[in-house]
Amino acid sequence: MTSWTDRLFAAIWRGLILFAALGVLAPFLLYATGAMDAMRLGFYIQQLVSGAAIGCVYAMVALGIVLIYKATETINFAQGDLLMVGAFLSFTTIGIFGLPYALGALLAVAAAFLFGILCERAVIRPLVGEPAFSIVMVTIGLGFFLRALVGLTPGWGTDTFTIPTPFTDHTVQLGPAIISQNHAAIILLTMALCGALYLFFAKTKIGVAMQAVSENQLAAHYMGIPVKNLFTLIWGLSAAVAGVAGLLLAPIAFVHSQMGFIVFKALPAAVLGGFASLPGAIVGGLIVGIAEALAGFYLPQGFKDVAAYALLLIVLIVKPEGIFGESGMKKV
Amino acid sequence: MSLLEIEKLEMRFGGLIALKELDCSVEEGEIFTIIGPNGAGKSTLFNIISRFYDPFGGAIFYRGENLLRRPSHAIPRLGIARTFQNIELFEGATVLENMLLGRHIRRQTGFLSELLFLPSARREEEAHRHKAEEIMDFLKLEAYRDQRIANLPYGVRKIVELGRALASEPKLLLLDEPSSGLNAEETRDMAFWIHDIRDLLGATILLVEHDMTLVRAVSDRVLALNQGRALALGSPAEVSADKAVARAYLGEDA
Amino acid sequence: MRALLKTAYAQDIRLFRYGGTGRLVCGLLFYAALLVIAPRGFLTAWGACLYALAFGIILLRRDSQDEGGSAAFWYGLLGVALLSAPLLADDYAVSQLSFVLTYAIAGIGLVLLSGQAGQISLGHAAFMAAGAYTEAILHNAGAGLLVSLPAACLVAAALGVLVGLPALRMRGIYLALATYAFAFIVEEILARWETVTGGNQGLTMDWPRLVLPGVSYGFESEREFYYLVLGVFAAALLAALNLMRSATGRAFQAVRDSEIAAKSMGVNVAAVKTTAFTISAGLTGIAGALYGHLLFTITPEGFTIFLSINLLLMIVVGGMGSLHGAVFGAIFLVVLPQLIASFRDLLPPALASQSGIESGIFGLIIILFVLFEPDGIYGRWVKIRAYFDLFPLYRKGSFRRQRRTMASERDR
């Protein structure tokens with residue numbers, strides 16, 4: 001039995017999807033009918049691709065948040081700052097030590113993994129089983145602390161840096177649009193990472209165990225899975241994903257101690273995807289990135305900055321379980 | 001007209017049938033017990049009456065009014081109170097505060113007079129407290145009055161939950177396995193209280209219970225459920241003697 | 001048996017369990033009246049001390065037998081101290097005290113929302129901004145305090161309803177995320193809607209005016225404004241205490257502890273959450289209005305997510321189990337930056353010149369409090385008091401960690 005409000009919201013939801021699809025496709029249709037010239041279309045495609053690229057970064061941060069949320073039911077507000085630390089690690093290996101890009105990246109991601117483990121052990125482990133609010137506050141505190149720590153680290157500090165990459169300053173021609181290789185690389189590498197994560201969760205023993213823990217901690221515990229150790233690993237994994245995200249964000253944003261605020265865009269992405277779904281987080285990130293691009297293309301200045309939050313509010317009100325989420329009810 | 005009438009009630013969880021065309025009625029003033037093996041749909045029925053679940057089909061009438069048209073928080077206002085199988089108390093609050101929350105639907109004063117704590121609000125608070133004390137006396141909970149639920153043993157919590165339900169002065173009381181987790185002595189107390197609640201407070205009682213001693217001691221009528229279907233209905237003796245019921249509990253061969 | 005174990009119903013409901021509220025309020029009002037009537041310069045520090053002494057002797061004489069009277073006595077003394085503060089302290093200290101009380105008003109709102117109703121808000125800066133901007137706009141349009149302050153409260157409360165409305169359809173952490181999305185949007189509106197809000201330049205406002213039919217009184221200094229803040233704080237505190245001892249406060253608690261049980265007791269969970277957001281937002285709006293006057297200039301920069309997080313930090317550090325926590329937290333929030341500033345001189349210059357060090361210490365403090373003092377400063381205070389009360393009997397286990405407010409929302 002569904003109430004009329006549910007039906008109303010469902011109808012609004014379908015309308016919104018239609019509207020969004022129209023928004024994405026409109027310039028192509030206009031071009032086809034001759035109402036828009038090729039240059040304008042090219043600009044639009046560039047916006048779209050750069051939106052998708054930044055969306056990929058949101059997606060990876062959101063992915064880390066969802067990983068931790070699924071396992072421990074808390075939101076990690078320090079996820080953006082893990083990204084920031086990851087970016088600085090890449091800057092250290094590639095920019096300061098001058099290692100080749102691939103090797104430096106690999107080392108940095110490995111270091112980020114260890115750093116995530118360290119964070120979990122230091123501040124999260126003592127709070128396992130505590131109310132979510134406590135852990136949320138601790139992650140907020142951790143974020144503040146990491147920002148200051150990076151600011152105080154010799155060689156890092158509060159200045160902005162860039163990381164030289166093999167993609168910088170190269171472009172690709174895509175129809176009427178000129179795409180930066182940086183953007184293309186982000187999108188491709190994100191897809192590769194998603195594939196790797198999929199294989200990890202589907203095929204490896206640890207990945208399956210992690211899924212089991214996310215589904216039901218108690219049952220997993222009874223099956224002999226060391227739940228707490230897996231939490232630590234999940235934090236490490238999540239920090240490593242953030243490290244990759246930081247590495248990819250570095251060429252299009254700059255490396256600085258405030259770059260962690262990207263978490264405030266990644267959270268809407270995670271909610272859009274249903275908050276408990278890994279593919280959802282990816283799609284959510286892309287949607288947020290593209291929505292920002294569209295807002296920047298169609299609407300006056302300023303709307304681009306709030307697009308993510310407006311989208312979040314709309315989805316929370318109209319479809320609170322997210323695009324892929326399903327609502328659950330406690331058994332009594 | 002019966003107090004509670006259930007007509008062709010159907011409930012499914014995915015492919016699992018929890019209730020299948022269930023019909024039954026509870027008369028005013030009786031103690032009506034539902035028994036059945038695990039998964040028979042007993043608690044599901046309670047959760048539908050409380051409006052936590054939406055059934056697939058059928059209807060529930062309480063004094064002739066369709067309950068399914070109301071949201072869950074409106075149910076207690078009709079005079080229906082309940083307890084839970086696994087105890088759902090307000091852990092951070094004291095026993096007294098839990099009782100007072102049972103009085104929630106009886107509040108009269110508006111928000112503004114609460115904010116200023118006008119004499120009317122004070123008088124109402126005192127009246128609620130008076131009622132809460134009565135119930136704590138009735139259930140011998142006075143000793144725990146100002147203790148937080150989190151610090152209480154299981155048996156006491158069970159009784160606090162009963163008290164909280166009583167505090168709303170219900171006409172129909174749903175008790176979900178009141179004896180689970182209680183020892184033999186506490187179960188005997190529970191049987192007395194169930195009788196007293198009916199006889200002294202005038203409430204009709206709908207009971208889900210496993211402990212057959214308690215069922216025999218208190219029930220006027222018993223309904224046996226299995227896999228969402230009614231197996232037998234009658235006095236406790238009739239239902240215990242029923243062959244289908246014995247089969248459901250002990251397996252096909254019995 | 002009953003007579004032994006319990007107090008009278010009426011006694012339970014009192015603010016101080018053993019009475020003395022009436023005398024306390026009368027005494028403080030009398031002292032306040034004295035301050036108003038007495039010519040400037042007449043009531044010096046010595047006068048205040050003399051009064052406090054008399055006040056104390058009267059209360060102590062009446063109530064030396066029981067502890068409740070002594071609670072009223074200590075609060076009375078605190079009240080006298082607060083009332084006399086402008087006579088004893090310098091301008092700077094008085095304005096800092098005003099900041100403490102202003103934060104505490106917002107803190108009361110947050111304790112009601114988070115500690116009492118169990119909802120997290122990451123967007124309280126938006127309510128504070130709504131209050132401050134409403135106050136500034138109305139004040140600059142010439143409205144008196146009796147119009148602008150309630151208006152600030154109402155505008156913020158209306159935003160609270162708006163934020164609380166999604167509660168009809170969502171739970172737990174999602175609601176917290178809605179609050180922060182909302183706060184970002186409000187911040188952006190403040191920065192962009194230049195004709196009304198002055199954009200990034202913000203708005204300026206001077207001390208408020210009290211306009212009554214026939215009379216008009218303009219506040220002129222930090223000291224005079226302090227009394228306004230003190231009065232509003234006292235009213236907010238009293239209203240919150242009243243709320244917590246009546247049905248609405250208990251409904252908050254019920255929603256915090258178990259939504260399922262709350263529903264089964266006839267509590268309309270969504271309505272209660274919306275109410276909690278509304279009340280909390282309204283109080284925060286009032287705090288915002290006063291905050292605006294204290295700051296003189298308000299800009300969108302002053303009301304970012306960091307203010308929201310600072311407000312949260314305040315109740316986490318103060319302790320959100322009680323309204324005391326709001327006050328302790330507010331003191332902490334005002335004192336900490338000054339402590340850090342004074343510590344800065346002790347650090348090596350390379351470290352001290354870093355701008356991020358302050359927020360780093362904030363972060364560290366949040367972590368340390370959640371890890372080691374989850375009930376906040378107030379919790380520690382209760383423990384210390386219990387230690388002395390129970391002296392030879394106190395054991396470490398007397399306060400073992402209990403399940404605290406925010407329960408898991410996944411299964412609800």
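In chain B, R12(B) and E10(B) are joined by a salt bridge whose closest N and O atoms lie 4.0 Å apart, a salt bridge being a side-chain nitrogen of Lys or Arg within 4 Å of a carboxyl oxygen of Asp or Glu. The model is predicted, so local features need pLDDT of at least 70 and side-chain atom pairs count only at pLDDT 80 or more, whereas totals for chains, interfaces and linings use all residues. Residues are numbered from 1 along each chain as its sequence is written, chains are lettered from A and ligands numbered from 1 in the order in which they are written, and side-chain values use heavy atoms, with hydrogens and water left out.

Of this pair, R12(B) is partly exposed, because its relative accessible area is 34%, while E10(B) counts as buried at 13% relative accessibility. Buried means under 20% relative accessible area, exposed over 50%, and partly exposed in between (1.4 Å probe, protein chains only). Over all chains, the structure holds 28 salt bridges. Side chains of opposite charge can pair when their charged atoms come close. In chain A, E120(A) forms a salt bridge with R125(A), with 3.9 Å between the closest N and O atoms; E120(A) and R125(A) are both buried. A salt bridge also links the side chains of R198(B) and D199(B), at 2.9 Å from N to O, and R198(B) counts as buried because its relative accessibility is 18%. A network of salt bridges connects D305(A), E188(C) and R192(C).

Chain B contains an open sheet of 4 strands in the order β2-β1-β4-β5, with antiparallel pairing. Strands β2 (16-26) and β5 (65-66) of chain B are at the edges, each with a single partner strand, so one side of each has no neighbour in the sheet. Helix α1 (residues 42-49) of chain B packs on this sheet, where it touches β1, β2 and β4 (57-62) of chain B, and its direction makes about 110° with that of β1(B). Strands and helices are DSSP runs numbered from the N terminus (helices H or I, at least four residues; strands E, at least two). Two strands pair if DSSP finds at least two bridges between them, and contact means heavy atoms within 4.5 Å. Axes are lines fitted to C-alpha atoms, for helices over the stretch in contact, and angles run from 0 to 180 degrees between N-to-C directions. Strand β1 (residues 4-13) of chain B is joined to β2(B) by 7 bridges, and the two run antiparallel. Within this pairing, M11(B) has L19(B) of β2(B) as its bridge partner.

A further open sheet in chain B has 6 strands in the order β6-β7-β8-β3-β9-β10, with mixed pairing. Its edge strands are β6 (80-82) and β10 (229-234) of chain B, each of which pairs on one side only. On average, neighbouring strands of this sheet are turned by 20° against each other, direction ignored. Strands of a sheet pair through backbone hydrogen bonds, either parallel or antiparallel. Strand β7 (residues 172-176) of chain B runs parallel to β6(B), and 3 bridges join them; R82(B) has L174(B) in β7(B) as its bridge partner. Helix α6 (residues 184-201) of chain B packs on the sheet, touching β3 (31-35), β7 and β8 (204-208) of chain B, with its direction at about 155° to that of β8(B). Helix α5 (residues 154-167) of chain B lies across β6 and β7 of chain B and runs at about 160° to β7(B).

In chain A, F133(A) belongs to helix α5 (residues 132-152) and counts as buried, at 5% relative accessibility. F133(A) and T74(A) are 59 residues apart along the chain, and their C-alpha atoms are separated by 7.9 Å. In chain B, H130(B) lies in helix α4 (residues 119-138) and is partly exposed at 39% relative accessibility. The C-alpha atoms of H130(B) and K42(B), 88 residues apart along the chain, are separated by 35 Å.

In chain C, T304(C) is placed in the loop between β4 (297-298) and α15 (305-318). T304(C) is buried, with a relative accessible area of 17%, and touches A125(C) and E187(C), residues up to four places away in sequence not being counted. L339(C) lies in helix α16 (residues 323-344) of chain C and is partly exposed, with a relative accessible area of 42%. Together with I331(C), V335(C), F343(C) and L346(C), L339(C) forms a nonpolar patch on the surface with about 480 Å² of accessible area in total. Patches are made of residues with over 30% relative accessible area and no salt bridge, with like charges joined within 9 Å and nonpolar side chains (Val, Leu, Ile, Met, Phe, Trp, Tyr) within 5 Å. Accessible areas come from the Shrake-Rupley method with a 1.4 Å probe, and for residues only the protein chains shown count as cover.
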